[in-house]
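Here's a quick briefing to read alongside the structure. Have the viewer open and follow along topic by topic.

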Amino acid sequence: MTDILDAKVLDANIAFPPQPKPRAQPQSRRRFAWPKGVSILVAGAALLALILVLLALFAPALAPFEPDQQKLLARLRPPIGFERANPAHWFGTDQLGRDLLSRCLHGLRLTLALALFGTLIGLALGVSLGLVAGLFGGWADALIMGFVDIMLSLPFTLVALLVIALAGTDVAVLICVLGIAYWAHFARLVRAQVLGLRELPFVEAARAAGATRWHIATVHMIPNIVSPIVVMASLNFSNLILLESALSFLGLGVQPPTATLGSMVGQGRDYMASASWIVAVPALLIVLVSLAAMLLGDFLRDHLDVRLRER
Amino acid sequence: MLKTLLKTALAAALATTALTGLAAAQELKVGVQNMAPWLDPGRDFSNVGSQFYFNAFDPLIGKDANRAESVWQPGIATSWKQVSPTQIELKIRQGVTFHNGDPMTVEDVVFSFDRIINSTFPPYTVRKRDTLPNMAKVEAVDGETVRITATKPEPLFETLLNVQQGMIVPKKYVMALTGDPNVAEPSDFEAFALKPVGTGPYKITEFVPNQKLVYERYDGFWGEKAPFQKVTVQRIPELSGRLTALKNAEVDLITNIPPDQLDTIASDAKLKVEGMQTPLFHVVIFNTQNPKMANPKLRQALSYAIDRKTLNEALWFGKAKVPTSHTFAQFGPLYMPELDTFEYDPAKAKALLKEAGYDGFPIRFDTQAAYYTNGLLAAQAIQEMWGAVGVKTQLNVTEQWTGSEPAMMARNWSNPMYFPDPAGSFGIMWAPTGNSASEGRFKADEAYIALWEKFRYSTDLAERKQAYAGLMQMIKNDPPVLPLYQPYESYGMKRSLAWRPLPGHIPYVLDFRAGRVTLAAR
């Protein structure tokens, strides 16, 4: 997972200066032109992502039942269309008679929120430390990159286990765990970009004009490294969805009865042979969410990479 | 010529098939959910360890495992006689040898009990306190006779000499394991727990803590020889893993099948299911010593709010047994289902909460994820039931044992029947010196202690019954525990395997002795 993420983002290294000349766009005679570079696959992914986000946002209104509401004597009812199905439960019920559709909608909401917050924390932490390492150099660089190397050499599941064992399984803890999962990737990327930018004439000019490091970082550096960061964040998002699912599957994520897609798969795994819908529906949603995020991430990388665009 | 060749080839093929079949039937492979971290019958009281001791160890007095009621049989002792209310004398079987070849003597019997009742090793001290508190002295009268003396008149001598904790271990072997070979040191007991040796029909030839146990037939066994040359017990923690292993014929028998998975096995023509209501309660316990849980009315309310009948119908398809009191059919004359210690009454629960002044603080309910069959599901259902009467519950899924934590408020647990008497189930856990008192979540007052003494040591059965009913009333008024149900534990196995759990055993015993199991070659 890490290697793929690194490889994709390193592919997306941006050539400097970052503003290529806009090409002259031929005037279209049609009223609607299919956006250039957007394949049907990407458009489908964007549509899928939009639908999933809307479902998550409006889960409380869309869900026909409360996600934790149990009907103990109506457990393990299959989705509609199957024998013994209850028409009130489109996707069937789970091992405690809870409506699977409602749990999926709320689970999707929490899973996306966790991945989003995790990405933002990783982004903030990684970008700040990467900037400091790149701009200051010296012992600050050595210290931060030392931490980065340690972080990248550790299997993250073990780190997560340790943190959760020490700090508990609260949602806030889980967000922090997800937040620290990929900060090192951000830091390494940003540092590499800053080292490249640092030697360019416009930065040297700013320095010669007496600009402070803060000014250089915020005005000259960050706007120039936004593209690879956005690409990495999008890929990071899908990886965090999978990581959250893996942790919840192992029972280390959000605690029951609260649903996330991963915990639904984890707790339903014993029913794969006898009531496969309990696992199949949330697992399919995990696949769809991470697929959409991956495809959009790939698109952003292709779109923002100057070298790829010029080929 | 060709005919002869064909006949010879056919005969050879048939012979090979028969031999292979015979060889297969010489080994039994078992997939269990949990494997013990160590094996010592004297210090163990876990549901995990209790699966394994009966095949490799013997108690002084045996018991008919086919019958729920107590029918005592000769074991390591061939006969016994209670010579006074506080003393019993037993004749020890001659010619018995341990798996390492050492002859078993009265010295080994004395040592086996002495290591617990005069313990220098803390784990044994705990067992002395909860299981053998009345045993004062075990001595050899002569080369064939042992005398056991109790502090107070003992109505349960035979019962106590049948318990797992009283199984016989080899003195010389244990003492020689580490350090001074003439002194039993704690390190000897630790070493023994990893290389256990007993007198039973199977010897333990391989033990990988938490993973694997291999028994092999012990040809020097004093009784009927074991039916299998080898029994391999492998831990397969995931239910889906155990089911797959059984379906793929990697194992012959698997444990811990929840009722809602039984159809998966039953639908396979090559497999079948056996099960029974295990003499054990899944319980909810309360930490009466946690200031937040100190009000008995709060705990009463929590008990009244749990609809155990619905839990049984939903999670166990009605196959479990919801008890009216802390009592098992195995108790014989002391089985008292007529008591109404535990009831469901949500209206009463709401009223009691109001009286208790419950202000909506969250009750932390601790549970392990997979230790008890249906444990996590029951915990979530209880959370919902408590929510229905206005109690906020914070579910805490943890693999740690939190029963001794001062901050523990409520959690799930089990109360197994360690021996067939209320003292051997309720007593082990809730006696004034029992496990719960030792761990600080329960404290008996003077009235409770006095009634307990009467129940435990009276030799008059009617008086014992009356005292136990009184104890149950005290538990009802100030509840530290709520038994949910006697689970229906199911085992999946090949159709060719004839085995079932037996009602005369303590819970979870995997009894592979002669007459208890057969596996057809095909």
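Chain A is built from helices: there are 13 of them and zero strands. Bear in mind that this is a predicted model.

**Chain A overall**
- Read from the N terminus, the elements of chain A go α-α-α-α-α-α-α-α-α-α-α-α-α.
- Chain A has 311 residues, and 46% of them are buried.
- If you take the chain A contacts with a separation of 6 or more, 74% are between residues 24 or more positions apart.
- Chain A shows about 15700 Å² of accessible surface, with carbon and sulfur atoms accounting for 68% of that.

**A greasy patch on chain A**
- A nonpolar patch sits on the surface, made up of A:Leu47, A:Leu50, A:Ile51, A:Val53, A:Leu54, A:Leu57, A:Phe58 and A:Leu62.
- Helix H2 of chain A (residues 40-57) supplies the largest share of the patch, with six residues.
- On the spacing of such residues: an α-helix has 3.6 residues a turn, so residues three or four places apart point the same way.
- One member to click on is A:Leu50, which is found in helix H2 of chain A.

**The nonpolar cores**
- The largest nonpolar core holds 193 residues, and those touching the most other members are B:Phe52, B:Leu60, B:Ile148, B:Leu311, B:Ile363, B:Trp386 and B:Phe512.
- Helix H12 of chain A (residues 277-304) gives this core its largest share, eight residues.
- Another core, of 17 residues, lies apart from it and includes A:Val127, A:Leu189, A:Val203 and A:Met232.
- Leaving out residues up to four places away in sequence, B:Phe52 touches B:Val32, B:Asn34, B:Met35, B:Ala36, B:Leu39, B:Leu213, B:Tyr215, B:Val233 and B:Leu510.

**Helix H9 of chain B**
- Helix H9 of chain B (residues 296-304) is mostly covered, with seven of its nine residues buried.
- Those buried residues are B:Leu298, B:Arg299, B:Gln300, B:Ala301, B:Leu302, B:Ser303 and B:Tyr304.
- Their packing partners in chain B are strands S13 (280-286), S14 (363-367) and S17 (481-485), along with helices H11 (346-356), H12 (375-388) and H16 (461-477).
- Where H9(B) starts, B:Asn295 brings a side-chain oxygen to within 2.9 Å of the backbone nitrogen of B:Lys297.

Definitions and conventions. Residues numbered from 1 in each chain as written. Chains lettered and ligands numbered in written order. Predicted model: local features only at pLDDT ≥ 70, side-chain atom pairs only at ≥ 80, totals over all residues. Heavy atoms only, no water. Patch = residues over 30% accessible without salt bridge, like charges linked within 9 Å, V, L, I, M, F, W, Y side chains within 5 Å. Areas by Shrake-Rupley, 256 points an atom, 1.4 Å probe, with all protein chains shown as cover. Salt bridge = Lys/Arg side-chain N within 4 Å of Asp/Glu carboxyl O. Helix = DSSP H or I, 4+ residues; strand = E, 2+ residues; numbered from the N terminus. Buried < 20%, exposed > 50% of the residue type's maximum accessible area, 1.4 Å probe, protein only. Contact = heavy atoms within 4.5 Å. Polar contact = N/O pair within 3.5 Å; in protein donor to acceptor, adjacent residues only side chain to side chain. Core = buried A, V, L, I, M, F, W, Y, C linked by side-chain atoms within 4.5 Å.
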